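Colleague: Please take me through this model one question at a time. Keep it brisk.

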Amino acid sequence: MESMSAVLKSGGALFSGAEGVIQAQVRQEDKTPREDRLTVGLPFVDDARMTCRGVSVFYGEKHAINNVSIDVGRNQVLAMIGPSGCGKSTFLRCLNRMNDTVEGCRVVGDIQLDNLNIYDRSVDVVPLRAQVGMVFQKPNPFPKSIYDNVAYGPKIHGLASSRAELDEVVESSLKKAGLWNEVSDRLDQPGTGLSGGQQQRLCIARAIAVRPEVILMDEPCSALDPIATATVEDLISELQEHYTIVIVTHNMQQAARVSQRTAYFHLGDLIEVGSTDRIFTNPRHRLTEDYITGRFG
Amino acid sequence: MYPSFFLLLLLTIASLAYMQGKRRAFSLTGLAAGSSRLHSRPGYYGLLTALWCVLPPLLIFVFWLAISDSLLIAMAMKTLPTSLQNLSLDQTDLLVNNLRNLIAGHVAARDIDPVLEKAAEQYIGLQHISQMALGVVMLVTALFSTFSVYRRICPEMRARNHVERIVQISLVLCSTIAILTTIGIVLSVLFESIRFFQQVPLTDFLFGLKWSPQMAMRADQAGSSGSFGAIPVLAGTFMISGIALAVAVPIGLMSAIYLSEYASSRVRAWAKPIMEILAGVPTVVYGFFAALVVAPFIRESGELFALSVSSESALAAGLVMGVMIIPFVSSLSDDVINAVPQAMRDGSYALGATRSETILRVIVPAALPGIVGGVLLAASRAIGETMIVVMAAGLSANLTANPLQAVTTVTVQIVTLLVGDQEFDSPKTLVAFALGLLLFIITLILNVIALYVVRRYREEYE
Ligand SMILES: Nc1ncnc2c1ncn2[C@@H]1O[C@H](COP(=O)(O)OP(=O)(O)OP(=O)(O)O)[C@@H](O)[C@H]1O
Ligand SMILES: [Mg+2]
């Protein structure tokens with residue numbers, strides 16, 4: 001516990017230079033006093049797959065994530081909720097360094113996967129991203145056939161030694177994502193021709209075909225009907241036995257159904273973390289309570 | 001001077017008409033006071049009035065431009081003495097030419113023929129009158145059509161639909177002009193080619209292996225009767241264009257990939273304009289670069305390997321032409337690669353793909369139509385290029401597969417055939433049209449093939 005607080009402190013010191021800017025921005029956007037925005041609850045767990053300490057993210061001058069420290073438990077589902085624009089996607093993208101591709105984006109702090117700092121110089125992002133897969137908020141199928149979309153990852157990582165094996169990977173991935181029945185007879189048609197919800201499931205199938213160990217899902221059910229949503233939720237519960245999952249959602253019931261822990265973000269701050277049951281029955285922070293009871297702006 | 005003055009006047013009236021039409025529409029709403037509303041927004045009524053003010057006189061103006069000159073010439077010729085009126089067609093043409101020169105003042109004072117001078121005076125006088133008349137007619141038409149539309153303005157009038165209809169018609173007209181021009185050029189080339197093929201059999205032209213278009217001018221002159229086999233010239237064209245594309249496509253594509261995927265935005269900001277300057281260098285400059293620097297260099301390096309290289313070679317021309325067309329490939333490819341959404345890259349990276357895998361498997365396929373477009377543009381530039389070939393590859397039509405020898409191309413031959421005084425009924429000049437037609441057909445086929453390839457392999461993103 002001691003070492004952890006030391007890390008926290010050093011994380012805080014890392015961006016103390018930018019403190020003035022942050023303060024000004026916070027005052028502009030929100031009336032909540034600074035000291036009320038410290039994380040409450042239990043951000044740390046004993047058996048952590050990923051640990052984040054003092055993570056801050058800047059888009060140029062804009063301060064999008066402010067000193068967030070949180071653990072992602074092994075074989076657990078962590079749900080991230082919060083109002084639109086609070087930085088959920090930004091934080092999620094830090095976990096597999098997708099923010100590297102955003103020009104002008106700067107990440108400070110310490111993020112570890114299995115006790116290895118993923119922002120360390122020696123870390124190669126390519127295997128990291130194969131290990132930490134991601135489903136994006138906006139479905140982005142490749143302009144290839146449905147089959148090739150799913151087979152893309154397994155092909156480049158050499159996960160299938162024969163065509164038959166590849167077929168199997170594609171089929172099982174599509175089945176898990178609940179898309180197989182709809183597309184099994186038109187695998188050679190472009191993935192971009194699918195409906196929005198189908199594309200979303202295609203992207204889920206594409207991500208799990210690589211068999212990542214940690215899966216980051218950014219609102220994977222935002223365009224899905226209740227039946228498809230239930231399929232994806234089943235998938236998450238099934239995956240959770242072997243994988244670690246972080247999911248962003250705007251749907252409280254979904255967070256309550258699939259996750260063990262929930263984190264509430266507010267304007268770049270991590271306000272409250274705790275077991276999902278506790279957060280939804282007995283939120284400690286006023287902002288969390290306002291949000292989950294629907295009183296938020 | 002007069003026509004431009006009238007056009008100005010017309011525009012002034014048109015703007016007045018716009019305001020009046022609009023005002024009338026406004027006043028109608030006032031009167032109707034909610035019971036019957038205007039069909040369109042008042043601006044459309046104004047626009048319609050203004051359009052009706054401008055368009056009919058403009059049509060008259062264009063019509064006058066088209067016919068006035070020949071009409072006036074005919075009238076001026078009527079004033080000539082009868083002895084000069086019943087000449088043969090050729091002589092009349094000559095006379096008309098003289099008359100025109102006189103009217104334009106291109107003739108020195110002492111050469112002036114008094115009879116013609118009178119005709120010229122007549123012409124100029126008539127021209128003045130016709131210009132005045134034109135002005136008056138245009139104004140009257142403008143006022144009349146404006147007024148008749150203005151009077152018909154009422155709340156039920158579908159002014160917006162009328163205006164949109166007029167705009168649509170003008171759009172159709174514009175595209176028709178482009179199409180008609182194309183058709184016209186193709187047809188004129190086609191007819192001249194047919195004249196050529198009446199004198200030289202089509203098969204001789206298409207499959208002949210010898211190109212020497214020199215023909216004896218007079219019966220007593222020694223010399224060949226000319227042979228018009230297009231194969232050597234075509235082969236030269238393809239060899240040089242092939243070399244050029246072999247240089248330009250890899251270099252252009254790779255620099256496009258570097259610029260759009262790897263280079264920082266600062267490098268991009270100065271590197272791209274510099275590459276595009278390449279496209280702005282006049283081809284003559286490339287030409288002497290090819291002839292004075294590249295060709296000697298190739299010859300010297302050839303000698304090192306005991307190869308005989310002629311001082312003019314296809315290789316020199318092709319290499320320099322390749323450099324010239326790099327920007328066509330790189331700039332267009334760079335644009336389309338940039339247009340591939342970042343989400344595609346993110347999707348690929350998030351699956352653990354490397355940058356090169358992403359480029360090869362996602363970005364290039366998605367950008368393929370644009371890349372092929374750039375290559376096609378470069379190819380047509382290469383096929384059409386003349387100057388570099390003249391200067392670096394020579395004029396001799398060798399049928400050879402050796403790029404170290406001098407060759408010639410279709411466009412170069414067309415130029416040499418048509419330069420200087422030529423009679424337009426000998427096969428020697430008519431073959432230029434046949435060559436042009438052949439080139440046109442070949443590039444058309446290339447385009448169709450490329451289009452097919454793109455359709456077949458395109459990966460369309462949203
Ligand atoms: N590429 C970028 N450049 C600059 N600012 C950005 C960029 N991406 C996000 N932001 C800003 O960062 C903040 C957090 O954005 P983020 O996308 O993480 O929100 P979010 O919580 O995922 O919202 P939503 O629920 O609507 O998806 C927002 O204020 C946003 O405007
Ligand atoms: Mg988001």
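Colleague: In chain A, what share of the contacts with a separation of 6 or more comes from residues 24 or more positions apart?

Modeller: Two residues are in contact when they have heavy atoms within 4.5 Å. Take the contacts in chain A with a separation of 6 or more. Residues 24 or more positions apart account for 68%.

Colleague: What pLDDT must side-chain atom pairs have to count here?

Modeller: Residues are numbered from 1 along each chain as its sequence is written, chains are lettered from A and ligands numbered from 1 in the order in which they are written, and side-chain values use heavy atoms, without hydrogens or water. This is a predicted model: totals for chains, interfaces and linings use all residues, local features need pLDDT of at least 70, and side-chain atom pairs count only at pLDDT 80 or more.

Colleague: How many helices and strands does chain A have?

Modeller: Both are DSSP runs, numbered from the N terminus: helices (H or I) need at least four residues, strands (E) at least two. On that rule, the tally for chain A is 12 helices and 11 strands.

Colleague: What percentage of the residues in chain A is buried?

Modeller: The cut-offs use relative accessible area (1.4 Å probe, protein chains only): buried is under 20%, exposed is over 50%, and partly exposed lies in between. Chain A has 297 residues. The buried share of them is 54%.

Colleague: Now the interface. Which three residues supply more of the area that chain A buries against chain B than any other three?

Modeller: Buried area is the accessible area (1.4 Å probe) that two parts lose on being put together, summed over both. Chains A and B bury about 1,900 Å² between them, with 59% of it on carbon and sulfur atoms. Of the part that belongs to chain A, 29% comes from A:Pro143, A:Tyr152 and A:Ile156.

Colleague: How do the residues on the side of chain A that touches chain B divide by type?

Modeller: Ala, Val, Leu, Ile, Met, Phe, Trp, Tyr, Cys and Pro count as nonpolar, Asp, Glu, Lys and Arg as charged, and the others, Gly among them, as polar. A polar contact is a pair of N or O atoms within 3.5 Å; within protein, one must be able to donate a hydrogen and the other to accept it, and residues adjacent in sequence count only if both atoms are side-chain atoms. Across the interface, six residue pairs are in polar contact. The side of chain A that touches chain B divides into 13 nonpolar, six polar and six charged.

Colleague: Which residue of chain B forms a salt bridge with A:Arg93?

Modeller: A salt bridge puts a side-chain nitrogen of Lys or Arg within 4 Å of a carboxyl oxygen of Asp or Glu. The count between chain A and chain B is one. The closest N and O atoms are 3.7 Å apart, and the partner of A:Arg93 is B:Asp346.

Colleague: Why does that pair join two chains?

Modeller: The closest N and O atoms of A:Arg93 and B:Asp346 are 3.7 Å apart. The pair joins two chains because A:Arg93 lies in helix H3 of chain A, while B:Asp346 lies in chain B, in helix H11 (residues 342–350).

Colleague: How many residues apart are A:Asp71 and A:Arg53?

Modeller: A:Asp71 is buried at 1% relative accessible area, and A:Arg53 is buried at 6%. They form a salt bridge, with the closest N and O atoms 2.9 Å apart. The pair links strand S3 (residues 62–73), which holds A:Asp71, to strand S2 (residues 48–59), which holds A:Arg53, and the separation is 18 residues.

Colleague: Is A:Asp277 buried or exposed?

Modeller: A:Asp277 sits in helix H11 (residues 276–281) of chain A. Its relative accessible area is 60%, so A:Asp277 is exposed.
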